[in-house]
Amino acid sequence: MVTTRADALDQLELTLGRLLHAGVITSALCLAAGLVLSMALGRSAVASGALTMGLVILMATPIMRVVVSLVVYVRMRDWFFVWTTVMVFVLLSVTIFLAWTKAGI
Amino acid sequence: MSLLLVAGVVAAGAVAGGLGSLLGIGGGVFLVPFLNAGLGMDFEIARAVSLMTVIATSSAVSAGAAGRNTINLRLGMVLEIASAAGGLAAGITVERMSKGPLYLTFALVTALIAVLMVTRLEKRNVLSADVDTGLLGGRFYEAESDREVAYRVKRLPLGLAASAIAGAVSGTLGIGGGIIKVPILNAWCGVPLRPAAATSALMIGVTAAASVPLFYARGQVDPPTAAAAVLGVLAGSRAGLWFGGRARAKWLKALMALVLAAVSLMYFKKALW
């Protein structure tokens, strides 16, 4: 079966939609659990762990969207969009690098 | 964090998210003054928390819109180069900006949004479906005319410039920035309103992700506050979509433009005193 370019893009849109949905649901669940736990137990390791996980998943979701798009454009051999996506990814990597080094982790 | 404060932040998020989805903008422009002026949090905290809700809104809205062909993934990725660069630049430099200019910027941008909201251009820009859409154009099903329509992207450098400015404003003030680029994409770049809005909603997630990790590393994302605001915004924007399908409220736009004008005045005062 030959898939056209338009089909591949429609498929990508659905894949990304599922990814974003999974990301936002997972992070909302972690945040809700963390919030309830921190109200019930005060400052605890479990509560702050859940909150951190929720926030990190939230921030990572759009970045994962860029990574998955990159993989798909490489597979499609759509070089213009491969380079476009690489540039966005590089910018996000600079942010993460600066955040990481500043946090001193 | 007290139960009362959590409830207050959830409510603020819900109201901001609800208004945002009713008006077709993110809720950040309401949430930031709510947290900053209403609940007395530092502007830095309000901005960082609001950007977290911007990402949540972006992911939730785009997940819901996927499969309708209104999101232009390729145009979005090209414009994201500019918006992420703008967000990153703001994330790095905004720390050196003092309160006065920051409040003044917020006052000017809210005034601009109030004006855009009431005068917003709604050009259709649609072509018949068999036309060549070029590298960045797209096709989508338009419910009003019950047919597939196509569009071509014009004046890309203008779209890139608008996205860069929207990204810088996003990282500086804690809003999504869609209100800045959607009217420009719609009025001058040939993109019909629905794909312009859907593409912008997708873009604001990456735009915010280019700045908010820096604020997170600086300890400005207070986790319980961010959790409460994100959950409130997600609930509120769902409720807003539900109402939005039932009521086309023109008066609401005018009312919110007035609210924003008042917010703008308040920040002008804060900046000048």
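Author: One term to start: two strands pair if DSSP finds at least two bridges between them. Helices (H or I, at least four residues) and strands (E, at least two) are DSSP runs, numbered from the N terminus.
Author: Also, this is a predicted model: local features need pLDDT of at least 70, side-chain atom pairs count only at pLDDT 80 or more, and totals for chains, interfaces and linings use all residues. Residues are numbered from 1 along each chain as its sequence is written, while chains are lettered from A and ligands numbered from 1 in the order in which they are written.

Reader: OK. How many bridges join β2(B) to β3 of chain B?
Author: Five, and the two strands run antiparallel. β3 covers residues 147–151. Within that pairing, B:Arg139 has B:Ala150 of β3(B) as its bridge partner.

Reader: What order do the strands of the sheet in chain B have?
Author: β1-β3-β2, in an open sheet of three strands with antiparallel pairing. β1 (127–128) and β2 (138–142) of chain B are at the edges with a single partner strand each, so one side of each has no neighbour in the sheet.

Reader: Switching topic. What is the mean pLDDT of chain B?
Author: 86, and 94% of the residues of chain B reach 70 or more. pLDDT is the predictor's confidence in each residue, from 0 to 100. The model scores ipTM 0.92 and pTM 0.91.
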